Amino acid sequence: LLIPAWPVPCCVQDIPPTIVRLASTLMVLRLDNNSISTLPDAVGKLVNLRILDLHSNFIASLPCSLGGLTGLHQLNLLDNPLNVSPGSYLHSDRLH
């Protein structure tokens with residue numbers, strides 16, 4: 001089983017809002033160990049996303065649009081200076 005993913009090199013600072021163009025196919029997004037400080041609202045439009053790995057970045061807050069990721073099964077936000085719990089945005093019984 002092949003799962004469409006977007007391979008990203010280290011040292012990424014921003015996620016372009018144009019990522020929404022991948023909304024119909026993107027299932028796995030791994031952006032760990034980068035320099036990302038904010039997430040665009042467009043991330044919440046990635047409706048087929050199952051895995052979102054953002055550990056070891058500089059993310060302090062999350063956009064409310066993350067609540068739109070109803071199919072998300074795995075979210076990794078470890079080692080980020082978050083000011084709020086991700087649970088306040090996400091309402092999924094499947095989320096790990």
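Mentor: Let us begin with a term: strands (E, at least two residues) and helices (H or I, at least four residues) are DSSP runs, numbered from the N terminus. This is a predicted model, in which local features need pLDDT of at least 70, side-chain atom pairs count only at pLDDT 80 or more, and totals for chains, interfaces and linings use all residues. Residues are numbered from 1 along each chain as its sequence is written, and side-chain values use heavy atoms, with hydrogens and water left out.

Trainee: Where is S56 placed, and what makes its phi worth a remark?

Mentor: S56 lies in the loop between β3 (51–53) and β4 (74–76). Its phi is positive, at about 60 degrees, although S56 is not a glycine. Most residues other than glycine have a negative phi.

Trainee: Why is D79 called exposed?

Mentor: Exposed means over 50% relative accessible area, buried under 20%, and partly exposed in between (1.4 Å probe, protein chains only). D79, in the segment after β4, has a relative accessible area of 60%, so D79 is exposed.

Trainee: Why does C11 count as exposed, and why C64?

Mentor: C11 has 62% relative accessibility and therefore counts as exposed, while C64, with a relative accessible area of 65%, is exposed as well.

Trainee: How many disulfides does a search of the whole structure find?

Mentor: A disulfide is a pair of cysteine sulfur atoms within 2.5 Å, and the search of the whole structure finds 0 of them.
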